[in-house]
Amino acid sequence: MRVCKKIEACCAVFILAATVFAGGSKETKTSRKKYLIATDTTFAPFEFEDAKGNFIGIDMDILSAIAKDQGFSYQVQVLGFNAAVQSLESKQSDGVIAGMSITEDRKKKFDFSDPYFDSGVVMGISKTDGTIKSYADLKGKKVAIKTGTEGAAFAESIKDKYGFTVAYFEDSANMYEEVKIGNSAACFEDYPVLGYGISQGIPLKIVTPKEKGSSYGFAVNKGLNTELLAKFNKGLADIKANGTYQTILDTYIKK
């Protein structure tokens with residue numbers, strides 16, 4: 001989810017209306033078609049605009065690396081998440097990459113790639129706190145959670161077992177601040193979101209293993225663009241094997 005101007009790697013991206021144009025490397029036999037890929041606008045660290053106005057993120061870098069590996073070019077259409085999905089459903093785009101969870105309901109309409117990212121919930125505490133190492137250490141303490149998130153649902157599911165109370169916040173920034181100043185002992189957040197925040201200087205740290213969450217996939221319409229889907233899967237396997245994939249994750253997510 002972001003607005004953009006450039007993608008570093010195989011493509012350059014330029015904003016024109018609501019569409020970002022990204023070109024791959026030199027034209028080859030496998031890159032005769034330019035695919036139209038819809039995405040979100042503000043979903044850090046997957047798609048977002050940096051301080052210089054560049055459109056970057058895990059999804060954008062993965063797409064760029066796969067296109068380079070497979071020799072195809074593409075054009076990125078920057079929309080909101082719902083609009084991106086509707087664009088695909090109405091065949092106005094060839095695919096969607098937007099931190100899109102693979103669900104059984106969505107499988108009825110779309111064909112998904114192999115999962116390219118497994119999300120999940122983690123617990124974050126103050127960077128200077130050396131006392132909390134597990135859920136059991138939360139007994140009698142207050143925990144900050146963000147309304148309507150997987151992190152909130154997970155905290156609510158274990159709070160009675162581990163004896164802590166919860167305080168609700170509408171955004172991550174205020175939730176993190178609550179922990180930073182010591183009003184709450186910990187927070188529960190989606191792993192990539194908290195990991196990215198820490199990489200940007202938020203003084204928290206992750207102290208628990210990632211709880212199982214949803215997997216993200218690249219989507220095309222059911223039965224259509226099978227060649228693009230095959231290229232995505234092959235490219236994903238290649239960039240995982242050569243280390244590019246892990247380098248991308250390490251750029252945006254830190255513990």
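Q: Under which relative accessible area does a residue count as buried in this predicted model?
A: Relative accessible area is judged with a 1.4 Å probe on protein chains only. Over 50% a residue is exposed, and partly exposed residues fall in between, whereas buried means under 20%.

Q: Is N221 buried or exposed?
A: N221 is placed in strand β15, residues 219–221. Its relative accessible area is 9%. Because buried means under 20%, N221 is buried.

Q: Which residue has its backbone oxygen 2.4 Å from a polar atom of the side chain of N221?
A: Not counting residues up to four places away in sequence, N221 touches L88, E89, K91, K109, F110 and D111. Among them, the residue whose backbone oxygen lies 2.4 Å from a polar atom of the N221 side chain is L88.

Q: How are α1 and α8 oriented to each other?
A: The axes of helix α1 (residues 58–70) and helix α8 (residues 244–252) come within 10 Å and cross at roughly 160°. The crossing of α1 and α8 is right-handed. Angles over 145 degrees count as roughly antiparallel, and therefore α1 and α8 are roughly antiparallel.

Q: How many nonpolar residues are in the contact of α1 with α8?
A: From α1, I58, D61, I62 and A65 meet T244, Y245, I248, L249 and Y252 of α8. By class, this contact has one charged, one polar and seven nonpolar residues.

Conventions: Residues numbered from 1 in each chain as written. Predicted model: local features only at pLDDT ≥ 70, side-chain atom pairs only at ≥ 80, totals over all residues. Heavy atoms only, no water. Axes fitted to C-alpha atoms, helices over the stretch in contact; angles between N-to-C directions. Helix = DSSP H or I, 4+ residues; strand = E, 2+ residues; numbered from the N terminus. Parallel < 35°, antiparallel > 145°, perpendicular 65-115°, else oblique. Left-handed = near helix turned anticlockwise from the far one by under 90°. Contact = heavy atoms within 4.5 Å. Nonpolar A, V, L, I, M, F, W, Y, C, P; charged D, E, K, R; others polar. Polar contact = N/O pair within 3.5 Å; in protein donor to acceptor, adjacent residues only side chain to side chain.
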